[in-house]
Amino acid sequence: REAAKKYFESFADENLARALSDALTSAFLESVANKRSLEEGALSEYQYVNLCSLFRYASNNVPSISLLAAPTGTGKTWVFVLYIIARILEAKIKGEISGVKVVIIYPRKALARDQFERILKLLHFFNEELRRKGLERYAVSLGIWDGDSLENWRKIAEMRKRRAGQDVEFRGIKCPLCNAKLVYRETEKIITCPSCGATYDYVGDVREWISKVQPDILITNFWALNYRLISRRHKHLLGSSIRCIVIDEAHVLKDLEGAFTSYLLCRILLRLAMQYKGVSTDPSAPLRLDPKAEYDALDWIRDYLKGRNFTIVLSSATISTAPTANERFKDAEEFARNLVYPRLYEVFKSICKGRGFNPIIYHDYDEIYQKLYGSKPAFRKLRRKIDVVVIVCLLYTSPSPRDLSTSRMPSSA
C-alpha cells in the first residue's frame, strides 16, 4: 500500500493518493491474495521489489523495459497488473480520461481468456471500492480483441436468434461474484450474469464496443495488432494515451515470432512518435512525409520517449540457469535487447543512462530467495533434492542414438 501511495502522491494530493491506494490494496487482498489484512502479507519479496522499481522509473518520467523472468506461479502477472492499474489512474488524474492506456499481448487465446477472467475479478472489487468512496470516475475498463471478437452487437442478436432465444455466453468467462458464466445482453449492449444479475458495463469484446469505448486495458495478440488495430479504421485505439505495452509468455517468442515482435514494437512506437510530432502520411495534413526525403525513425522515437515514462514489460519464464547472478543478468539483458530490437533497446539505454538509470529493470528471482531463505537448513536440503532430480532426469532422457530400436529408459519411468 505504501509503495502505491508514494507513487500516487507524485501526481495527486495526499488524500486522493491514500484513497486510491487503499482501494487497490483492499481489492487485491480480497480478490487475489485472499487475506483479511496487510498483516497477513500480500506481495512476495520478488513482487514487491519489481513493483517498487517500476514505480521509481515512472515517477521520474524515465522510459523503461522491465523483464519479469521467474518460474510459473511466482506472481509475475500481478506485478504488471497492479502497475498498469496505477498507470491508468495516473492518466485519469491528469485528465486523460479517454483512450486505450495499456495493451497486453498474449501469444495464445486460451491464456488471454484465463488472464482476462483473473483481471476482471480484481477490477470488479477495485471498481466497487471506488464506487463506495465516491471515486467511480476512476473506474478501470477492460476489453479483449482477437479473432473471436464479433464485429457488432447485431451479430450477437443473430446468434441468439439461431439458438432459439438462448443466451450467448461471453467466452465462458465466469462471474467474479457467483462463478456463473457471463452472457451478452445485446439490447443493453453490456455483459451480465444470468444468475446473480450483476452487470459489467466496463468489460467487453465486441469490436463496435471497443472502438467506441476505447477500454483502459486492451488484451489482444500480435496478429490482431498487426492486421486489425494498426489500420486506418482502428488506428485511434493506438494513440497518445498509450502508457504501457505488456508482452506475456515472452520466452516462447523465438525465431520468426521473435523477429515479428521486434518489428511490431518498432511500428507501434513509430506511430506514437509520428502522432507526437504531428507528422502524417495524409497529403492534406499540415505536416506530411516527403516521399523523396530520408528520415531517421529511431530519432523520432527517441524524441517521443524523452521525458516520458513509457514502459515495455516482458513477462517470461526463467531465462537463464547460469550459476551466478551476474551471468543471469547479462543473459536477461541480452534476451530483452534482442526481443525488443537491438537498435530500439539502445534508444531506451541512452535515455536511461543519461538520467542515471539502468536500461532494464531486472531482479534475479534466485538471488532474492537465496538471500531470504538460503541460510535455512530446509532450503539447503530442498536444493540438494532438486540437484538430484536434475541429474536423474539427464541420465534418463531418450534412447541412445547408437541403438534407436531399444530404449534404455526404465519401464517404471
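Q: How many bridges join strand β6 to β7, and do the two run parallel or antiparallel?
A: In this predicted model, two bridges join β6 (residues 190-192) to β7, and the strands run antiparallel; strands here are DSSP runs of E with at least two residues, helices are runs of H or I with at least four residues, and both are numbered from the N terminus. Two strands count as paired if DSSP finds at least two bridges between them. Thr192 stands opposite Thr199 in β7.

Q: What ground rules apply to the numbering and the values?
A: Residues are numbered from 1 along each chain as its sequence is written, and side-chain values use heavy atoms, with hydrogens and water left out. As the model is predicted, local features need pLDDT of at least 70 and side-chain atom pairs count only at pLDDT 80 or more, while totals for chains, interfaces and linings use all residues.

Q: Which sheet has antiparallel pairing, and what are its edge strands?
A: That is an open sheet of four strands in the order β4-β5-β6-β7, with β4 (169-174) and β7 (199-200) as the edge strands, each pairing on one side only.

Q: Which helices pack there?
A: Helix α5 (residues 109-132) lies across β4, β5 (181-185) and β7, running at about 70 degrees to β4, where angles run from 0 to 180 degrees between N-to-C directions and axes are lines fitted to C-alpha atoms, for helices over the stretch in contact. Helix α6 (residues 153-162) packs on the sheet and touches β5 and β6, its direction making about 110 degrees with that of β5.

Q: What about Lys189, where does it lie?
A: Lys189 lies in the loop between β5 and β6 and has a positive phi of about 60 degrees although it is not a glycine. Its relative accessible area of 41% makes Lys189 partly exposed, a class between buried (under 20%) and exposed (over 50%), with a 1.4 Å probe and protein chains only.

Q: Switching topic, what is the strand order in the eight-strand sheet?
A: The eight strands form an open sheet with parallel pairing, in the order β8-β3-β9-β2-β10-β11-β1-β12. At its edges stand β8 (203-204) and β12 (360-361), each with a single partner strand, so one side of each has no neighbour in the sheet.

Q: Is β11 buried or exposed?
A: Strand β11 (residues 311-316) is mostly covered, with six of its six residues buried; Thr311, Val313 and Ser315 are on one side, and Ile312, Leu314 and Ser316 on the other.

Q: Which strands pair with β11?
A: Strand β1 (residues 64-69) pairs with β11 in the parallel sense over six bridges, with Leu68 opposite Ser315, and strand β10 (residues 244-247) pairs with β11, also parallel, over four bridges, where Ile312 is the bridge partner of Ile245.

Q: Which residues have the most contacts inside the largest nonpolar core?
A: They are Ile104, Phe310 and Leu314, in a core of 132 residues; such a core is a set of buried Ala, Val, Leu, Ile, Met, Phe, Trp, Tyr and Cys residues joined through side-chain atoms within 4.5 Å. Helix α4 (residues 76-93) gives the most to this core, with 11 residues.

Q: How do the axes of α2 and α4 cross?
A: The axes of α2 (residues 14-33) and α4 come within 12 Å and cross at roughly 150 degrees. The contact (heavy atoms within 4.5 Å) is made by residues including Leu16, Leu20 and Leu24 of α2 and Trp78, Leu82 and Ile85 of α4.
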